[in-house]
Amino acid sequence: MTSTALYDVPGPLTRRRHFVYGLVSTAVILALLGWILYLLFDTNQFTAAKWRPFEYEGIQELLLRGLGNTLKAFAYAAVLSLALGGLLACGRLSVHRPLRWVATLVVEFFRAMPVLVMIFFIFVALKVQPLPALVTGLTLYNGSVLAEVFRTGVNSVERGQREAAYSLGMYKTQVMSYVLVPQALRAMLPTIISQLVVALKDTSLGFLITYEEFLHAGKLIAGNLNYDLPFIPVVMIISPIYIGMCMLLSWFANWISKRQKRNPKTEAVEVADAEPGTLLPGVGPQV
Amino acid sequence: MNVLIDNFSLYGEGLLGTVELTVYASLLALVLGFVMASFRVAPVGSLRVFGTVWVDVLRNTPLTLLFFAVLLGLPRFGVVLPFQLFAVLALGCYTSAFICEAVRSGINTVPTGQGEAARSLGMTFAQTLGDVVLPQAFRSVIPPIGSTLIALAKNSAIAGSFSVTELLGVYKPLNEMGYSIIWSFIWIAVGYLIVTLTISAIFNVLEKRYGVAR
């Protein structure tokens, strides 16, 4: 247990008390799990009829195709939003005032707008196909958040670094690309990856605009009367895969964060924790 | 422009739905998040594990999947509630994971010495928690919670696609009545901007009033 300001190191009496609490709470949690399991059995979720569809190759292919479509949307959205984020960050850090204003307006607008509204707008009003609509919506949103992440990263590099670079006679672009951005990227890598987790999670919004992704495939199977409407089995198969993918990426962000904190190259900048970019205008990610 | 004036009550209803959803889900998320945070810093191992699993799973769950599972799944167990309540449940549980992390990291920013000093003055656990630790944690917790609640307000749009009355759902009847889709979306966007900017204004005031001096 990490030490907090809340408790002293427990003595023998307290340890015994905590042990009793532990037993009681374990019992309660196990009872809760047992109750859920009982409910599942009670409503016949484990009958063979409901699980048989997953033995069929056609259905496995349907699920895999859905998963592939999800990953495809994620790949497009990730690459494009990184590019857009870089572009908007350049705008926000520019010394030209009009450019800065335009970039700020774009970033603040798309950060305040629900990503689903953008996706629906592009899908319904502009009559775009589901995949480009989904990717565009995700790109606009995550790109704007990433722009703020990049900007915070560049601004969080110690001031002496920039001053030293300028006093060596470097140009503005050189200072940025050789001194500030490499350090900022190292510091912000955990946040950037965590933001990509958000993008991966949000690809599931494609389900709402009939993009044939993972959840969509699940719904097709769940609605099949021949298999006794296997809704719960479908959820039990889809969620671990979906959540597992996101967890893997989150753990990767955490690992990078720990690694970069030990890296001597990040001495002049504080490495962020693995948390997605903040949405509160004017406040940087929590360092 | 006509779209808004002709359908003011429709838009009003939608905005009200979004605000209601946001407020109720925020309350649930704050309470649940606080409980989970206290589990995660508790000296009892099994509670810590429970809190960690809760946070790790919910933080990595796509919200659409959660809505899908809650709104269409719970009725299979005979749990029949109004859709709005299901939506509040899904949104609240999802957001509670983020609130929990914000609160926990807030508690962890309080130096250990503060608690030791409080205890050596003879303060009880309740006093240490209520008078020393939480007030200091509260200060550093304001911006992340604000950010989380803004995300919650925006996520409530998903509920509209699961037939809960809220702002984004307004476009459908307007579309059927033949109004310009672009304009109906512009007013929906304005509605969301009002909600999210209000939340961020509230939290900026809180931050100015109580935040840590930087």
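Mentor: Start with residues 102–125 of chain A: this span is 92% helix and 0% strand, with its end C-alpha atoms 24 Å apart. Keep in mind that the model is predicted, so local features need pLDDT of at least 70, side-chain atom pairs count only at pLDDT 80 or more, and totals for chains, interfaces and linings use all residues. Residues are numbered from 1 along each chain as its sequence is written, while chains are lettered from A and ligands numbered from 1 in the order in which they are written.

Trainee: What makes a stretch a helix here?
Mentor: Helices are DSSP runs of H or I with at least four residues, strands are E runs of at least two, and both are numbered from the N terminus. By that rule chain A has ten helices and zero strands.

Trainee: Where does UniProt put the "transmembrane region" feature in chain A?
Mentor: The unreviewed entry places it at residues 20–41, 73–90, 102–125 and 231–253. UniProt positions follow the numbering used here, feature names are shortened, and annotations may be inferred rather than shown by experiment. Residues 231–253 of chain A are 100% helix, with end C-alpha atoms 33 Å apart.

Trainee: Why is chain A called more spread out than a compact globule?
Mentor: Its radius of gyration is 24 Å, well over the 19 Å that the globule rule gives for 287 residues, so chain A counts as more spread out. The radius is taken over C-alpha atoms, and the rule is 2.2 Å times the number of residues to the power 0.38.

Trainee: How do you know which residues of chain B are in contact with chain A?
Mentor: Two residues are in contact if their C-beta atoms, placed from the backbone, lie within 7 Å. On that test, 53 residues of chain B are in contact with 47 of chain A. α10(B) gives the most to that side of chain B, with eleven residues.

Trainee: What makes up that side of chain B by class?
Mentor: There are 34 nonpolar, 15 polar and four charged residues. Nonpolar means Ala, Val, Leu, Ile, Met, Phe, Trp, Tyr, Cys and Pro; charged means Asp, Glu, Lys and Arg; the others, Gly among them, are polar.

Trainee: Which residues of α2(B) and α10(B) meet?
Mentor: B:Y11, B:G14, B:L15, B:T18, B:V19 and B:T22 in α2(B) meet B:W187, B:G191 and B:V195 in α10(B). That contact divides into five nonpolar, four polar and no charged residues.
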